[in-house]
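My entries follow in the order I looked things up.

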Amino acid sequence: MIEPLDLPGVMLITPPRFADSRGWFSETWNQARLAALGFTETFVQDNHSSSTRPGTIRGLHCQLAPFAQGKLVRCIRGAIWDVAVDIRHGSPSFGRHAAAELSAANGRQLWIPPGFLHGFCTTEPDTEVVYKVTAPYDKASERGVIWNDPDLALPWPVPAGTALLSDKDNLLPRLAEAEPWFRL
C-alpha cells in the first residue's frame with residue numbers, strides 16, 4: 001500500500017505481512033510490483049545505522065545535485081520518528097515537513113524524494129534503520145540543517161536537553177542560513 005503524505009512526493013509505503021505460527025514474512029522491496037503502483041525509483045546503495053539510546057537524532061541531512069538522494073527508509077529494530085523537510089527551491093511547500101513513525105513492529109517505510117532534508121529520532125533503545133538511496137554518497141555534496149531550527153518548529157519526540165547528536169550535526173546551520181546552498 002502506498003499512501004501520499006502532506007508534501008508532494010513524500011509517501012508512506014506499507015508492504016503486506018504474511019503471518020503464521022512461526023512469525024511473519026514481508027517482501028520489503030519489489031521493483032515490478034511498486035512500479036505497477038507508480039513508484040519507479042532506482043536505488044544504487046543501501047545504508048544501515050544503529051543507535052543504542054532513545055532520543056538519538058540523526059539529521060537533518062541532504063546532498064546537493066547531481067548527487068541529490070531519494071531515500072526509502074525503514075526501521076528493522078526498535079522505532080523512530082522519521083521526518084522529511086521540503087527544501088526544493090521555489091516549492092510552495094518549502095520549509096514544511098511530513099513525518100511518520102517507523103518501527104520494526106509496523107513495517108512501514110517512508111519515501112523521501114530528492115530535494116528534501118531527512119532526519120530521524122529514535123524512540124526505543126537499540127534501534128536499527130536501513131535505507132535505500134538513489135545516488136551514491138558524495139562528501140562534497142553533503143549539507144544539513146540544525147535539527148531544532150525554530151523556524152522549522154519540528155515536533156521532535158525528545159526534549160532538546162536530552163537529545164543525543166553527533167558533533168557534526170550539533171554544528172549545522174539554520175535553514176535561513178543554509179538556503180543559498182539549495183539554489184545551486
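How many salt bridges does the count come to? I took a salt bridge as a side-chain nitrogen of Lys or Arg within 4 Å of a carboxyl oxygen of Asp or Glu. By this rule I get 8 salt bridges.

**Ground rules**

I am working on a predicted model, where local features need pLDDT of at least 70, side-chain atom pairs count only at pLDDT 80 or more, and totals for chains, interfaces and linings use all residues. Residues are numbered from 1 along each chain as its sequence is written, and side-chain values use heavy atoms, with hydrogens and water left out.

**Entry: charge pairs**

Side chains of opposite charge can pair when their charged atoms come close. I looked up Asp86 and found a salt bridge with Arg88, with the closest N and O atoms 2.8 Å apart. Is Asp86 buried or exposed? I use buried for under 20% relative accessible area, exposed for over 50%, and partly exposed for in between (1.4 Å probe, protein chains only). Asp86 is at 0% relative accessibility, so I log Asp86 as buried. Arg88 is at 27%, so Arg88 goes down as partly exposed.

Next I took Lys168. Lys168 forms a salt bridge with Glu142, and the closest N and O atoms are 2.9 Å apart. This pair links distant parts of the chain: Lys168 sits in helix α2 (residues 167-170), Glu142 in strand β13 (residues 142-144), and the two are 26 residues apart. For elements I follow DSSP runs numbered from the N terminus: helices are H or I with at least four residues, strands are E with at least two. Lys168 is partly exposed, with a relative accessible area of 46%. Glu142 is also listed as partly exposed, at 21%.

Then I checked Asp151. Its side chain meets that of Arg174 in a salt bridge, 2.8 Å from N to O. Here too the pair links distant parts of the chain, 23 residues apart: Asp151 is in the loop between β13 and α2, Arg174 in the loop between α2 and α3 (175-178). Asp151 is exposed at 54% relative accessible area. Arg174 is partly exposed at 33%. Salt bridges with shared partners join Asp149, Asp151 and Arg174 into one network.

**Entry: strand β7**

Which strands pair with β7? I count strands as paired if DSSP finds at least two bridges between them. β7 (residues 71-77) pairs with β10 (residues 109-112) in the antiparallel sense, over 4 bridges. In that pairing, Lys71 stands opposite Ile112. β7 also pairs with β12 (residues 127-133), again antiparallel, over 6 bridges. There, Arg77 has Glu128 as its bridge partner.

**Entry: cysteines**

I searched for disulfides, meaning pairs of cysteine sulfur atoms within 2.5 Å. The count comes to 0. For Cys62, the nearest cysteine sulfur is that of Cys121, 20 Å away. Cys62 is buried, at 9% relative accessible area. For Cys75, the nearest cysteine sulfur is again that of Cys121, 12 Å away. Cys75 is buried, at 5%.

**Entry: Phe67**

Where is Phe67 found? I place Phe67 in the loop between β6 (57-63) and β7. Phe67 is partly exposed, with a relative accessible area of 27%. I then listed contacts (heavy atoms within 4.5 Å). Leaving aside neighbours within four places in sequence, Phe67 touches Ala135, Pro136, Asp138 and Ser141.
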